[in-house]
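User: Hi! I am new to reading protein structures. Could you walk me through this one with a few questions and answers?

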Amino acid sequence: MGKTVIEKIIARHSREEVAPGKVVWVDIDLRTARDFGGANVVEHLSRHYDKDRVANFSKTFFTFDCVAPANNIPYANNQQICRVFAQQQGIKVFDVDQGIGSHLLIDKGLCLPGYIAVGTDSHFNILGALGALGQGMGDVDIAFAFKTGKTWFEVPETIKVVVKGKLFPPLSSKDLTLAILKRLGSKGALGKAIEFCGEAIESLSLDGRITLTSMVTEMGGIAGFITPDHKVLDYCRARSGRGDIEAPMADPNAHHCQTIEVDITGLKPQISLPYRPSNVVDVEEVEGEKIDSVFLGSCTNGRWEDFKAVASLLKGKRVFGGVMFKAVPATKEVYGRLLREGLTEVLFDAGVILNSAGCGGCASGQVGMTGEGEVQLSTGNRNFKGKQGAGKTFLVSPATAAASALYGKITSPVKL
Amino acid sequence: MKRPILIKGRIWVLRDKQGRAIDDIDTDQIYHNAHLAITELEKMGQFALGNLSGWEDFPQRARPRDILVVGRNFGAGSSRQQAVDCFRSLGIALIIGESFGAIYKRNAINSGFPLLLCLGIVSQSGKVNSGVILEVNLSTGETYNHTTGQKIEGGEPFSRVQMEIYQAGDLFEYGRTILP
């Protein structure tokens, strides 16, 4: 029987025969730890190994994105523990100014199609946007990967998701992503990999692919995969300086455990209601609910295209009185481009609070906590109870976030 | 075999106030992100289930060697090891449930913490309730309600890698035995 593309990527990194359900050992191309989990990784390494604590320092990185710069002493301490260890071991640190680690692996040309990368970030399957296998892991796993360069994988079965129809503005990849999440639910891909295909998938830019693959986590999936097109391949070649990059391919007779068709013909803007990402409805069903705050950013929607979509809607206008609009670019590179192309001024004039790069409004980032009763629209990926504070969080696309910010209530961008 | 294959203990079944199984309990409900900077195991237990409605006092009520019984997709969400470690910290002997978040399952296996699949243990009503004694065989998956003497179907044995890591202690110890 032929292998799926995920099985082939795993097979290329293993000396064992690969088949779904089988546990195999793989050699990992890249391993990273964040300021979250990083100090625990250092503690494990120090406790369990006297010397040679890192198998290959050039494939190992720290990325500080969770609370960047640290706004509390425990996080500041943990970042410093990682910095000191990194210096001893010769490991590169992408420090608090650089942005979200998974995005840096993409933009610095470190992660390439067909790679396996692991990190203390549950949204690492974002790397499927490049055609790589990314896996979020806990600190025990990552410490072991730092030390040995290896990990065990239970080879997942692969679900094929075929998207029918096309996306038309103002809809974006986030609406498509939420529509797929609604269909699969929070457990639809539990323990499995997903291969996305269809015309709407092929037409997605790298930024759009990042949005979709990041939320495979919310579908319960281990990894998501989109076959890189020539634009993604060119991006990887340009960023890495390597010419020999090709797209990994499934065998023609690959076996998928399930094929799911999602028809997006006539799709309307989508929104996740509190407190579950998979609790998705059309924006128009909850239109008119008053909002207090908006967050633009996260590993799901903190890219250039996301900011551009928001800036184009806010240009020359002001956010509704009393609505707090916080924006956090995913990386310093996005931040720099906003400055150079005049978008910071557009956002500033509209009343947006622009922060330096990082995870920002998710988890316990600096800009994201909500108060009791506060209603927040977020372009992030999770709205679990209490995650971003005491308030209620809805998940939306950048365009829906901007449209709603202008009216002070949940508003479909189709209306603009 | 150094570590016990047979685990027997009093259970806590994660149900809501209406008695329904709570599915999709995410890692922020198990161990909230406000406590992520903590790195000492002994300090983690006090925050276990601290953000799960109706279960905030679990750390005070649970005793060492108790068993936690959970529904589907337990441990969805973030990769935080603390969501496993907080139960190790309290001395919980085993988590048995219908399904687990993918990363959560790895995290438990790698730290040598027993996690066992048992489809239907919560969703089929009348099988188990908090307070009864459960007896679970990790290598066969056989599960008994020790209080009533009834067998509970659906228990799955540990996978090979899970048993090997469990017996070695954790992934670090296991690694020494299999890698050069």
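This is a predicted model: local features need pLDDT of at least 70, side-chain atom pairs count only at pLDDT 80 or more; totals for chains, interfaces and linings use all residues.

**A walk through the model**

User: Which residues touch the most other members of the largest nonpolar core?
Analyst: This core holds 189 residues. Its biggest contribution, 7 residues, comes from helix 11 (residues 304-314) of chain A. In soluble globular proteins, nonpolar side chains tend to be buried together. Those that touch the most other members are A:Cys111, A:Ala117, A:Leu127 and B:Val69.

User: Which strands stand at the edges of the open sheet in chain B, and why is one side of each left without a neighbour?
Analyst: The sheet has 7 strands in the order 4-3-2-1-5-6-7, with mixed pairing. From one strand to the next, the twist averages 35 degrees. An edge strand has a single partner strand, so one of its sides has no neighbour in the sheet; here these are strand 4 (115-117) and strand 7 (150-152) of chain B.

User: Which helix of chain A gives the most to the side that touches chain B?
Analyst: In all, 37 residues of chain A are in contact with 34 residues of chain B. Helix 2 (35-48), helix 3 (73-89), helix 5 (139-148) and strand 7 (150-154) of chain A each supply at least two residues of that side. With 6 residues, the one that gives the most is helix 2.

Definitions and conventions: Residues are numbered from 1 along each chain as its sequence is written. Chains are lettered from A and ligands numbered from 1 in the order in which they are written. Two strands pair if DSSP finds at least two bridges between them. Helices (H or I, at least four residues) and strands (E, at least two) are DSSP runs, numbered from the N terminus. Axes are lines fitted to C-alpha atoms, for helices over the stretch in contact, and angles run from 0 to 180 degrees between N-to-C directions. Two residues are in contact if their C-beta atoms, placed from the backbone, lie within 7 Å. A nonpolar core is a set of buried Ala, Val, Leu, Ile, Met, Phe, Trp, Tyr and Cys residues joined through C-beta atoms within 7 Å. A residue is buried if 20 or more other C-beta atoms lie within 10 Å of its own, exposed if 12 or fewer, and partly exposed in between; C-beta atoms are placed from the backbone.
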